Amino acid sequence: MGAAMAGHLLSKGYALTIFSRTRSKAEGLLQRGARWADSPAQVADASDVVFTMVGFPRDVSDVYLGEAGLIQQVRPGMVFVDMTTAPPSLAVTIAEALKARDAHFLDAPVSGGDVGARNASLSIMVGGEARIVEAVRPLFDAVGRTIVHQGGTGAGQHAKLCNQITIAGTMIGVCESLLYGYRAGLDLETMLQSIKGGAAACWTLDNLVPRILDRDFAPGFFVEHFMKDMGLALEESRRMGLVLPGLALVHQLYLAVQAHGHGRSGTHALMVALEELSNVRVNATPAKP
């Protein structure tokens, strides 16, 4: 998990042993009393409950199942919680490997972005055994506001993919609304006062549109990670025999965002690709219709 989430656990009085591939990102936590480990295995040695949150499914697999992975340090009764968005099938594989060693696994991806992480208001979607979810709930409560047990192993990941499908559709609607309003000559701030108070109200309008209007595409959540999540959802939908044309379209548009050099920008950089298609650049001054 990131520094903000880990910091909430420290604030609640939990002893914390941490590892990050970039130690400098952990300095603030270390100054507050967290202990440094030189590897994920050392974290497991020092902990009863281990949280992991990395970038891509291959990272999850390496951290748990690799030669120096967490699986090598398991003690009976330990609980492992992966908060990365990853394939539901990988969650099942890891859970089975840990169960064979009398340990427990929860898949618990989150939603809420950098704002939710800072404010401890994340939504946490949990898959796994109910009694283990309840045992870990106080830790979830320290970092999130909405903690829902979705079902067995992998169910948390499926719920997160539902979340990402919804965000994909919302993001293109919000960006196209801004493009339309700008070209129509509306004052966008005035227009937003109306639609934010009606049925269009949503988290994206409140938290990401101000960044778009400021041309601030710094990440709360990376484009490349969102593309990974959409790819997982498309793969799962094909496996289930579903056709999701809206998701497929947005995924293609994000490929264009990445081609424009915004793979490490925030997901709201979708505006860049849509602006390019219409040869429009949205700014604070209304355009002439």
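At 33% relative accessibility, Phe19 counts as partly exposed. Here buried means under 20% relative accessible area, exposed means over 50%, and partly exposed lies in between, with a 1.4 Å probe and protein chains only. Trp36 also counts as partly exposed, at 22% relative accessibility.

This is a predicted model, in which local features need pLDDT of at least 70 and side-chain atom pairs count only at pLDDT 80 or more, while totals for chains, interfaces and linings use all residues. Residues are numbered from 1 along each chain as its sequence is written, and side-chain values use heavy atoms, with hydrogens and water left out.

**Aromatic rings**

A pair of aromatic rings is described by the distance of the centres and the angle of the planes. Rings of Phe, Tyr and Trp (its six-membered ring) pair if their centres lie within 6.5 Å; planes under 30 degrees apart count as stacked, over 60 as edge-to-face and the rest as tilted. The search of the whole structure finds 6 aromatic pairs. One of them joins Phe19 and Trp36: the pair is tilted, with 5.9 Å centre to centre and 40° between the planes. Distant parts of the chain are linked by this pair. Phe19 sits in the loop between β1 (17-18) and α2 (27-31), and Trp36 in strand β2 (residues 35-36), 17 residues apart.

Phe226 and Tyr254 make an edge-to-face pair, because their ring centres are 5.3 Å apart and their planes stand at 90°. Phe226 lies in helix α12 (residues 223-239) and Tyr254 in helix α13 (residues 245-259), so the pair ties together parts that are 28 residues apart in sequence. Both Phe226 and Tyr254 are buried. Elsewhere, Tyr64, Phe80 and Phe105 form one aromatic cluster.

**The whole chain**

There are 14 helices and 8 strands in the chain. Helices (H or I, at least four residues) and strands (E, at least two) are DSSP runs, numbered from the N terminus. The radius of gyration is 20 Å, close to the 19 Å that the globule rule gives for 289 residues, so the chain is as compact as a globular protein of that length. That radius is taken over C-alpha atoms, and the globule rule is 2.2 Å times the number of residues to the power 0.38. Along the principal axes, the C-alpha atoms fill a box of roughly 65 × 50 × 35 Å.

Of the 289 residues, 49% count as buried. Contact means heavy atoms within 4.5 Å. Among contacts with a separation of 6 or more, 66% come from residues 24 or more positions apart. The chain carries 25 positive and 27 negative side chains, and the centres of the two sets lie 3 Å apart. Lys and Arg count as positive and Asp and Glu as negative; His and the chain ends are not counted. Each charge is placed at NZ of Lys, CZ of Arg, CG of Asp or CD of Glu.

| Residue | Relative accessible area | Contacts |
|---|---|---|
| Gln157 | 1% | Asp82, Thr84, Thr85, Ala86, Pro87, Pro88, Asp107 and Pro109 |
| Lys228 | 13% | Gly55, Phe56, Pro57, Thr84 and Thr85 |
| Thr204 | 7% | Thr170, Met171, Val174 and Val209 |

Gln157 belongs to helix α8 (residues 155-183). Gln157 and Leu186 are 29 residues apart in sequence and 40 Å apart in space, C-alpha to C-alpha. Lys228 is found in helix α12. Lys228 and Phe56 are 172 residues apart in sequence, but 7.5 Å apart in space, C-alpha to C-alpha. Thr204 is in helix α10 (residues 203-207).

**Helix α14**

Which residues are buried in helix α14? In this helix (residues 270-278), they include Leu270, Met271, Val272, Ala273, Leu274 and Glu275. The buried residues of α14 pack against α8, α11 (209-213) and α13. Asn279 follows α14, and its phi is positive, near 55°.
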